[in-house]
Amino acid sequence: MKDTSSGVVLASYGRGVLVEADDAASGDATLRCSLKGRKQRIVCGDRITWTYQPAHDGPSVESIERRRNLIERIDTRGRAEPVAANIDRLAIVVAPEPAADWFVVDRYWAGAILKDIETLLVVNKLDLGLEAIRAEIETYRSLGLPCIETASQSGVGIDQLQAALDGKVTLLVGQSGVGKSSIVNALAPQAAAQTAELTRDAEGRHTTTTARRYRLDPKTAIIDAPGVRDFAPPASVVRAAERGFVEIHAHSVECRFNDCRHMEEPGCAVRAAVRAGTIAPRRYESYRRLFRLYEKLGP
């Protein structure tokens, strides 16, 4: 006789997944399920059903519920690689050390915009001083991206961050070493997420190897994604790059040509705004890089 249950995937490990059951007596109750075949591709945040037959070795995944959304990245071969599913908000974590890669931040934000997902910038390691990155932070604030400053080791700003995450499933992303796992530990001490010291050259080690979901309360959860040194969101058309940059998309309606790429075309309102200082040159360069990547990958 089949015994069918449902729940949410906390982490995916090759041919198996770690699951929290909907009917678990406690939030800490988890089990491992095996995948039935190679065609099943399950990621952290997926909702699944599984069956358990006493005659077999253990529970196995029966089906995957339809996803509300899916965060993906382009891999080294130009293919879309899933990161996490069914999220309400993307929290991009940066820090003064290791040196922030703002082009990566731009791409994460662009990817969230293309998926219509709320975005938050978390500036961690406040105790190290933010003077060197203050101008970039204010640029994002001026564009409407909410920013919260934290020091996860001392707990500064964690209450404010926790309030912002309340009632949502949030995916934490960012470079290696910016302190995502430390933020997870500050928000959910029971998680005991692995952390590591920065290497001597201040480049972060990859301490998280797979996306992992942690429940803070019945309606709130965070997903700690592996740190990256690069990121690009997949897109079906080259013009998607424009929509991912709010200020460029806003000025594009004033361009002379409706299909303006904002590269070398005459009468481009976006390039005029860059020259006038209305659009930050670095943000414009970030757009150009993403546009060229999509152009290279093709439809």
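In what order do the six strands of the open sheet lie, and what is their pairing?

1. The six strands follow the order β10-β9-β8-β11-β13-β12 and their pairing is mixed, where two strands pair if DSSP finds at least two bridges between them. Because β10 (147-149) and β12 (212-217) stand at the edges with a single partner strand each, one side of each has no neighbour in the sheet. On average, and with direction ignored, neighbouring strands of this sheet are turned by 25° against each other.

2. This is a predicted model, in which local features need pLDDT of at least 70, side-chain atom pairs count only at pLDDT 80 or more, and totals for chains, interfaces and linings use all residues. Residues are numbered from 1 along each chain as its sequence is written, and side-chain values use heavy atoms, with hydrogens and water left out.

3. Eight helices and 13 strands are found in the chain; these are DSSP runs (helices: H or I, at least four residues; strands: E, at least two), numbered from the N terminus.

4. Within the sheet, strand β11 (residues 169-174) runs parallel to strand β13 (residues 220-224), and four bridges join them. In this pair, V169 stands opposite A221 in β13.

5. Helix α2 (residues 134-142) lies across β9 (118-123) and β10, and runs at about 145° to β10. Such angles run from 0 to 180 degrees between N-to-C directions, with axes fitted as lines to C-alpha atoms, for helices over the stretch in contact, that is, with heavy atoms within 4.5 Å.

6. Of the 299 residues in the chain, 49% are buried, meaning under 20% relative accessible area (1.4 Å probe, protein chains only).

How values were computed
Buried < 20%, exposed > 50% of the residue type's maximum accessible area, 1.4 Å probe, protein only.
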